Structures are given as C-alpha cells and as structure tokens.
Amino acid sequence: MTAAFDYHRPASVDEALSLIQQNEDAKLLAGGHSLLPAMKLRLSTPGALVDIGRLEELQYIRDGGDHIALGAGTTHHAIESSDLMAEKAPLLAQTAAVIGDPQVRNKGTIGGSLAHADPAADYPAAILATEAQIVVRGSDGERVIDAADYFIDLFLTSLGPDEIITEVRVPVQGANTGSCYLKFHNPASRFAVVGVAAQVTVENGTCSRVRIGITGAANAAFRDSGVERALQGQAASADTIAAAAANAAQGQELLGDTFAGEDYRRHLCRVYTGRALTQASGG
Ligand code: FAD
C-alpha cells in the first residue's frame, strides 16, 4: 500500500507552526526515529511532513541560571555528551546515554521523544524526577507545562495537536544532591521495560528531598509519591531505602505484555527503585 505525503522544510519555528495549522493531517518530523518506523508500518499515514530536524533555532543547551534550557531539537547524543549537562543536570545526561544505540542517539531528539510519549521511553522518568518544564508554542502563543501535568496516558500528553515543543527546562541539581537513572531494558530495542530515575538530597545523613520517576511500567510515566514520602525525613541507610522501595508502584495499574507480566514489572519497580535510590543517595 502506497502512502503518499507532501514534504515541507520550514526555515523557522513560526513557519513550521503555520504549516501544521494549515494542514490538519500534517505531522512534525524531527529525528524521525519514532515517526518513520510508524509510517513504514502504516500505523501513521500523515498527509504532510513538516521537517524541523534541521532548525538550528531548536538545537541548543543553555545555562539559564537556575535551570538548563534544552532546545527541543537537541539530540540524545548532544545531551549525553554535554559538559554543562554533566555538571548541572546529570540525571538527564545519564538518561540520554542509555537510549537505544548510537544511531538512535545521533538522530533522536528530546522534543520528539516527549511528544511521542512512548510508555517505554527513558526521558519521562528523569523529566518527572527533576520536575522539569516543557515549553510549547501554538496559535495562542507560548505556554509552560510542568512535568507533573504533561504525561497523561499511552502516547497521550497535554501537548495540543497544533503545538510545537520548543524547549525543555531542567532545574539545576542542588547542593548535597545525587541522582541516578537505571533501567531493565528490552534486549532487542533497548527501550525500558522498567526505568527508574531518582534524585535524593542528603543533609546531615538525612534524606531531606526525594524524587522518583518511573517509566516503562504503566501506560504513562509517573512520580512515585509513596516511595518519596516513605524516605523523606529518614536516615539515608540501606534499611530505610529497602523499606521505601518496597512501596514502589503501589496503587498503580501496571502493564503486562510478552516481555514482562504485571507482577514481574511490579517486582522490577521495587528492585530498580532500591538500586537507584542507593546510588543517588551516595551509597
Ligand atoms: P520523530 O520520530 O521525528 O517524531 C516523533 C513524534 O513527535 C512525531 O509524532 C512528531 O510529529 C512529534 N514531534 C517531533 N518533534 C516535535 C516537537 N518539537 N514538538 C511537537 N511534536 C514533535 N527511545 C527511548 O527512550 N529509549 C530507547 O531505548 C529507545 N530505543 C530505540 C531503538 C530504536 C531502534 C529506535 C528506532 C528508536 C528508539 N527510541 C528509544 C526512540 C528514540 O528515542 C526516538 O528518537 C524518539 O522517541 C523520537 O524522537 P525523534 O526526534 O526521532 O522524533
């Protein structure tokens, strides 16, 4: 079955916006590493592609003072290899480094990954744990979406159909804070069967702030507030971490598929939460 489409290469984000607003069945094309496989399988048959993959306007990593600003077109490789990211937002850099393989990391972009919202994608866990913000532009101008309000369901986010993600703002990791992203990956695709991002602040031996984001396990990535509450205010020790991690994914409806049943995913959530917390807290 052929599936013809028009191809546009806009020179700016504004031009891209007007193209997707004029063409109801147009789709943005960034790195193409999620959209093109879906088109080849005819799971997606857009009438037009609006190629933003070469817009330099969307490719940057900037120090914004209290946050690092990432242009939506920044590749996974640029994020994993950035000194600024390693120093100020290491959780995102560490996450980018374990996405797919070098080919995927050289082409895939953070904006494309967040827009696609694959339930097994890696970034969502780190985006939630760092409490990042997603900046989008549409016909009503710009709006900023908190990570907690962004991921809604399977391949569903709060991004509107005629909106473009332009930037991701990642808060600078604070003093006395460690972070870690670990995943149990699918051996073929390397997507996360379960991935856990942890950020822990330890002051005078006590976990004063704990953030956990889990991806791969459910329809959409989620913050695990049960684990966070269980560890916050407790001593950073192997026992308190084990007790907190035992709560992982409690009350969450989890996915079950050929790679891992629901019970096994729940087990992985507990194990990887314990390991990520241990590393993030310096243990
Ligand atoms: P595209 O494929 O170009 O676009 C994806 C979707 O996002 C499209 O609907 C497009 O219209 C939309 N879009 C793109 N940019 C924007 C924007 N700025 N604003 C609004 N909408 C936009 N991911 C992981 O997280 N972990 C893995 O281990 C992993 N392994 C992979 C292995 C393979 C073999 C492949 C092919 C992919 C893998 N991926 C993995 C997915 C990869 O990270 C993709 O690059 C990413 O999900 C999509 O980014 P992209 O730039 O390629 O987007």
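This is a predicted model: local features need pLDDT of at least 70, side-chain atom pairs count only at pLDDT 80 or more; totals for chains, interfaces and linings use all residues.
Residues are numbered from 1 along each chain as its sequence is written, and side-chain values use heavy atoms, with hydrogens and water left out.

**Largest pocket**
- A pocket here is an open set of points on a 1 Å grid over the protein atoms alone, where a 1.4 Å probe fits, with protein on both sides within 12 Å along at least five of seven lines, and lining residues have an atom within 4 Å of a point.
- The largest pocket is lined by 50 residues, and Ser 34, Gly 112, Ser 113, Ala 115 and His 116 lie nearest its centre.

**Ligand**
- The space taken by the ligand is the largest pocket, where a molecule sits in a pocket if more than half of its atoms lie within 2 Å of its grid points.
- The ligand is surrounded by 31 residues, a residue being near if one of its heavy atoms lies within 4 Å.
- α7 also gives the most to this shell, with 4 residues.

**Polar contacts (pairs of N or O atoms within 3.5 Å)**
- An oxygen atom of the ligand lies 2.7 Å from a backbone N or O atom of Gly 32, and a polar side-chain atom of Lys 27 lies 3.3 Å from an oxygen atom of the ligand.

Definitions and conventions: A polar contact is a pair of N or O atoms within 3.5 Å; within protein, one must be able to donate a hydrogen and the other to accept it, and residues adjacent in sequence count only if both atoms are side-chain atoms. Helices (H or I, at least four residues) and strands (E, at least two) are DSSP runs, numbered from the N terminus.
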